[in-house]
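The stops below are meant to be selected in order.

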Amino acid sequence: MARGCVFAFLWAIRLACAADVIFTPPKVLRKVDPEYTREARRAAVQGTVLLQAVIDPRGVPIKLTVLSPLGFGLDDRAVQAVSRWQFEPARRDGLPVESSTLIPVNFRLFHSWFDPKPEAHRTSYNLAVASIQQHRRDDGTLETIKDLARQRYAPAMYLYAKLLESGDGFPPDRDLALKLVLEAANQNYPAAMYETGSMMMQGRRLPVDMEKGLELMRNAAVLGDKRAQFHLGVAYEMGDGLPQSRDRARQYFRLCAASGEPPCQVRLAKMLLDRTDRQERDYIQAIAWLELAADRASMHARMILNEQHPDLTPKQTAWVDKLKAQMVRSR
């Protein structure tokens, strides 16, 4: 059991004892195995999706939340499977009650080797992050992050560094924080690569090295860091520290736009609308990106759409709707 899971379990036991009641946690009576997606099989993805489940007094899971995702459609498959599980409900003083529990759903491929240690690190880290996001952080959560950082797990090293920089939960230590960020960057952790590259390009806390800093920034963008993608998009669009290139700007904006970032979607849409050689497909793409951004409460996108919508033909509107559906599925 991951360290965070142990903390959650022990905390529930302490609460029960403090209230001087007899509490029995829920127990699985019937399982349904999850199914792999075609994309996950092709990519040979293995691991664990960690779910938080609310079990009602009938033993039925009524709310499932993904705490540690795997992607490739496996998170949805885990939720679909567990929603069909049957539980013996939790009991308090012998009476069935609603309760919350953690459920790991494993995805393994036959005849494929699997190292459980990195997956245990990832699951434990994601559980700690979920605790922080849900404002349930305690000493156990902080110790989990620190322990994973000691084991050189890059995401934990980066998060520990951020907490050390701000003095949030730990005594401030900027020197150790910088060391951890650099180590995480050496392990190709995108967020750390972006930050290290930014420091090198600006000469902030590190010697100026534009070439190496830009290489780190580009690699972070390719590996999915949205800050790096947006930063490079703006830099190439404006010619700020880099040769101006609208093609490269659109390339980087498209990366973070496809990840669902409204600022990137709006910047990309404006560049498509402003193209001197604009074709109809550019116009349709621009409107689709703007509508996706507006769906996520971007007022800027809504203002541009108010100007453009009156000019849309019914055929173009249908094309936009079809393209939006494809963009959402590809994320």
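The tour covers helix packing, an aromatic pair and a pocket.

The model is predicted: local features need pLDDT of at least 70, side-chain atom pairs count only at pLDDT 80 or more, and totals for chains, interfaces and linings use all residues. Residues are numbered from 1 along each chain as its sequence is written, and side-chain values use heavy atoms, with hydrogens and water left out.

**Stop 1: H6 and H8**

Select helix H6 (residues 154-166) and helix H8 (residues 190-202), which pack at an angle of about 50° with their axes 9 Å apart. H6 is therefore oblique to H8. Helices (H or I, at least four residues) and strands (E, at least two) are DSSP runs, numbered from the N terminus. Axes are lines fitted to C-alpha atoms, for helices over the stretch in contact, and angles run from 0 to 180 degrees between N-to-C directions; under 35 degrees counts as roughly parallel, over 145 as roughly antiparallel, 65 to 115 as roughly perpendicular and the rest as oblique.

Show the side chains of Tyr158, Lys162 and Glu165 in H6, which meet Ala191, Ala192 and Glu195 in H8 (contact means heavy atoms within 4.5 Å).

**Stop 2: Tyr158 and Tyr189**

Rings of Phe, Tyr and Trp (its six-membered ring) pair if their centres lie within 6.5 Å; planes under 30 degrees apart count as stacked, over 60 as edge-to-face and the rest as tilted. Tyr158 belongs to helix H6 and Tyr189 to the loop between helix H7 (174-186) and H8, 31 residues apart. The structure holds seven aromatic pairs.

**Stop 3: H8 and H10**

Next, select helix H10 (residues 226-238), which packs with H8 at an angle of about 40°, the axes being 8 Å apart. These two helices, H8 and H10, are therefore oblique to each other. In H8, select Ala191, Tyr194 and Glu195, which meet Arg227, Ala228 and His231 in H10.

**Stop 4: a pocket lining**

Finally, select strand S8 (residues 99-107), which gives the most to the lining of the second largest pocket, with four residues.
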